[in-house]
Structures are given as structure tokens and as C-alpha cells.
Amino acid sequence: DYLSQSGTVTIHAGELTQTISIPLVDTDLIETDETFLVNLMNPFANGLDIILADNQAEVTIVENDSAMISIDDITVDESSGTATLTVSLDHPVNSEISVDFTTRDLSAVASHDYLATSGTLTFAPNEVSRTITISLIDTDNAEASEAFLVNLSNIQSNGHNVGLLKDQARVTIEDDEVSLLSIDDVSVNEDSGFAEITVSLDRSIPFPLILDYQTEDNTADSDSDYQATTGTLIFPPDSLTQTFTIAITDSDLVELDESFFVNFLVLQTAGANISFPDSQIEIFIADDDQAQVTIDDITIDEEAGSATLTVSLDLPVATTISLDYATADGTALSTEDYQSTSGTVTFTPGELIASITIPIINTNLIEDEESFLVNLSNLQANGLDINLGDDQAVVTITDSDQ
């Protein structure tokens with residue numbers, strides 16, 4: 001604190017004062033005011049009548065240093081179990097000092113995210129760093145980062161010049177859970193009326209989750225196969241599943257199974273750690289219609305020159321289909337009563353009727369009614385659900401000769 005000194009002070013004739021200088025040591029140690037003594041002794045007065053009225057002086061050293069206490073902000077993972085905060089003095093203090101601390105909720109809530117804690121932190125003499133440990137609660141919820149405060153107050157400094165430079169620390173808890181958002185492809189029959197889509201979370205989150213969606217054509221067309229849809233799906237806090245529906249159009253058109261997409265465009269997670277590996281699903285529509293092909297029997301006069309037969313589909317089809325035909329003798333004979341004919345009849349998309357023409361031979365021979373057959377075969381349906389409801393027509397030729 002000071003440099004020890006001794007010596008002789010001389011007051012010359014006629015003088016009333018003299019000074020003694022004692023060097024002081026200026027340290028960074030925070031101390032209370034301190035004192036030391038300067039003692040006078042062994043006066044030599046040269047026979048004059050001089051006495052030592054006060055032979056001792058007390059020198060008080062006033063402390064000019066101050067120490068400041070600070071607490072550091074920290075970020076910690078939820079799974080770490082504890083949050084350890086460092087409380088520091090910027091200068092050592094030569095005495096024990098203490099400071100109180102207590103936690104306070106922000107977005108993190110005591111008993112749910114951490115354990116509320118309060119107490120007194122004590123620095124031993126010359127100690128410049130201490131720690132406070134707060135227990136954390138590791139939940140299964142997928143959450144955004146949350147925070148709570150640790151506040152310092154009520155310094156007990158034992159007379160030392162100690163203040164609070166930073167009296168509040170923010171503890172940020174980063175969540176270690178990942179919630180998986182999953183959406184499965186859906187298959188529906190055309191006559192079901194709607195497709196129901198379920199969106200699932202594998203673990204709950206404690207705040208709303210918002211998801212936007214929009215349909216997109218694939219082989220299915222929004223004008224004729226389903227209703228184009230956009231919307232927003234909202235998960236209330238702690239909800240694990242949400243569903244929405246898309247209207248399916250049930251038409252009489254015979255077509256292949258088709259599909260369309262649902263795209264999920266915007267995900268508002270409020271900072272939660274959400275894994276969303278598939279932002280597009282496919283909705284498959286199975287066609288429930290079946291068409292039948294039939295050919296009509298006809299009766300034709302020999303003089304008509306030809307027989308025209310109608311081949312019919314009972315429902316329209318979405319693609320071109322074809323089937324073969326060929327005549328076969330009955331009581332009517334080819335080359336004598338009609339001309340043997342074969343070929344292919346084709347239906348374009350949406351077409352319901354096609355025709356086959358068979359040349360008839362008109363003779364002068366007086367005959368009974370005769371008939372021959374027209375057989376259908378080898379249906380080329382291009383994957384559509386079409387069958388031959390009636391694959392044979394009877395053509396009856398009546399004779400007009402007398």
C-alpha cells in the first residue's frame with residue numbers, strides 16, 4: 001500500500017513547517033480506505049524549550065479504484081441439460097463480496113423449458129469469476145429458439161466500491177428436436193366425389209403451423225377431371241394431423257387412370273425446426289366407367305345394293321379405339337348373294353357410332369330370305385375398360401323378285 005520510510009526532518013531557524021513525503025503504491029486491487037502511521041521521536045532542540053505535542057500522524061489512503069460486475073449472455077442447446085453463465089469482476093477485490101441472482105421468463109417458461117432458480121453468488125477475496133448453473137428441460141416438442149433472463153441485484157460489497165456494469169443476461173435455448181412433416185400420395189376412384197389429403201407431423205409444436213397448397217395438372221385436367229384448388233392449411237398448437245379435400249369430377253367418359261399434383265408452397269413454422277422432404281404429392285384417379293361395343297342386326301332388300309351396319313359404343317372414350325370385322329356365310333353365300341368383306345372400324349375420341357358397308361349382289365333368281373354374319377374381333381382399346389357386348393350381327397337379305 002505504501003513504501004516504508006524513516007529519516008530526520010529539520011526545521012531551520014525561523015521556519016514553522018517542514019514536510020515528509022511517503023510514496024504510495026497504486027494497485028488495481030479494490031480495497032476499503034486504509035491507514036498507516038508516521039511516528040516522530042528523538043527531538044533534538046539545541047537546548048530550546050520544545051516538546052512533542054503530537055508525535056503520531058495517521059495517513060488515510062482513500063481507494064480510487066472501483067470494480068464492476070458483469071454477467072454474460074449465452075446460447076445453449078436444449079439437450080445439454082444445463083445453462084452455465086459466467087459472472088465476472090473486472091478488478092480483484094481484497095474482500096469477500098456477494099450478489100443476488102434470479103431467473104425471469106421471456107419466451108422460455110419456467111417448469112416447462114427450464115427450472116426457475118435464485119440465490120446468492122459469492123466471490124472470495126481476489127476472485128474475479130464465478131458461475132451460475134440453471135437446469136434446462138429437454139422436451140419432445142419441436143420449438144423455436146426460446147429465451148429467459150438471469151438478473152443480478154443487491155451487491156454486498158463490505159464497503160468496497162463495487163457496482164453492476166451488466167446486471168442482466170439473456171439465455172437462449174436452441175431446440176434440438178426436428179418435426180417431420182409428411183404427406184402421402186392418394187388414390188381415389190372417380191366416383192368417390194373427392195380426394196382427402198392428410199398432412200401429418202411426427203411430433204407436436206406449441207404454436208400454429210401454416211401451410212399453403214395449390215393443385216397442378218398432370219394427366220388429369222382441372223377442367224374435366226377435378227376441381228382446381230388453392231388454400232391454406234393451419235395446424236393449431238400441439239395438433240399432429242390436418243386434412244383437406246379436393247373435388248373429383250365423375251364423368252361418363254371412359255379413360256385411363258389419371259393423376260394431378262398438389263404443391264405445398266409456403267411453410268410458416270414460427271422458427272420451429274421442421275423437416276419437409278416432399279413438397280409435392282400426386283393424386284391418382286382410377287376411372288370407374290366401362291364401355292361396350294355392339295353391332296346391330298339388319299334386314300335389307302336385295303335391290304339395295306349394300307348393307308350398312310351400325311357399330312355403337314354406349315359411352316364416349318378418351319382415345320381412339322379400333323376393332324376388326326369380317327363377314328361369314330350363313331344361308332347367304334359370298335360371291336352369289338353378297339361380297340365378302342373385312343377391315344377395321346375406328347372410333348375417334350368422343351365418337352359413339354361407326355358404320356360398316358357390305359356390298360349386296362342382286363340376282364334375278366327367285367329366292368327365300370337368306371342371311372350372312374358380320375363378326376367383330378381384335379378390339380384395340382389402348383388400355384381402356386371396353387368390352388364387346390355384342391360381337392356378331394345377322395344381315396338378312398330379302399328377295400324382291402317375282
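Hi everyone, let me start with a side-chain pair: Ser98 and Gln156 make a polar contact through their side chains, at 2.4 Å. By polar contact I mean N or O atoms within 3.5 Å; within protein, one must be able to donate a hydrogen and the other to accept it, and residues adjacent in sequence count only if both atoms are side-chain atoms.

Before going on, a word on the source: this is a predicted model, where local features need pLDDT of at least 70, side-chain atom pairs count only at pLDDT 80 or more, and totals for chains, interfaces and linings use all residues. Residues are numbered from 1 along each chain as its sequence is written, and side-chain values use heavy atoms, with hydrogens and water left out.

Back to Ser98. This serine sits in strand E6, residues 97–105. Strands here are DSSP runs of E with at least two residues, helices are runs of H or I with at least four, and both are numbered from the N terminus. Is Ser98 buried or exposed? Ser98 is buried, at 10% relative accessibility. The cut-offs are under 20% relative accessible area for buried, over 50% for exposed, and partly exposed in between, with a 1.4 Å probe and protein chains only. If we skip neighbours within four places in sequence, Ser98 is in contact with Thr120, Leu121, Thr122, Asn154, Ile155 and Gln156. Contact, for us, is heavy atoms within 4.5 Å.

Now let's step back to the whole chain. How many helices and strands are there? The chain has zero helices and 29 strands. Its radius of gyration is 52 Å, well over the 21 Å from the globule rule for 402 residues, so the chain is more spread out than a compact globule. That radius is taken over C-alpha atoms, and the rule is 2.2 Å times the number of residues to the power 0.38. Along the principal axes, the C-alpha atoms fill a box of roughly 190 × 35 × 25 Å. Of the 402 residues, 36% are buried. Taking contacts between residues at least 6 apart in sequence, 69% join residues at least 24 apart. The accessible surface is about 21400 Å², and carbon and sulfur atoms account for 46% of that; the method is Shrake-Rupley with a 1.4 Å probe, and for residues only the protein chains shown count as cover.

On to the aromatics. A search of the whole structure gives eight aromatic pairs. Rings of Phe, Tyr and Trp (its six-membered ring) pair if their centres lie within 6.5 Å, and planes under 30 degrees apart are stacked, over 60 edge-to-face, and the rest tilted. One of the pairs is Tyr213 with Phe264, which is tilted, with 6.4 Å centre to centre and 55° between the planes. Tyr213 lies in strand E15 (209–217) and Phe264 in strand E18 (258–268), so this pair ties together parts 51 residues apart in sequence. Phe244 lies in strand E17 (241–247), so here the parts tied together are 20 residues apart in sequence. Phe244 is buried too, at 7%. Through ring pairs, Tyr213, Phe244, Phe264 and Phe276 form a cluster.

Strand E18 also holds Ser259, which is buried at 4% relative accessibility. The Ser259 side chain makes a polar contact with the Asn218 side chain, at 2.9 Å. Beyond four places in sequence, Ser259 touches Asn218, Thr219, Ala220, Glu282, Ile283 and Phe284.

Finally, the core. Which residues have the most contacts inside the largest nonpolar core? They are Phe372, Val374 and Ile386, in a core of 32 residues. A nonpolar core is a set of buried Ala, Val, Leu, Ile, Met, Phe, Trp, Tyr and Cys residues joined through side-chain atoms within 4.5 Å. Elements giving two or more residues to this core include strand E21 (291–295), strand E27 (370–380) and strand E29 (392–398). The largest share, four residues, comes from E23. Leaving out residues up to four places away, the ones Phe372 touches include Tyr338, Ile358, Val395 and Ile397.
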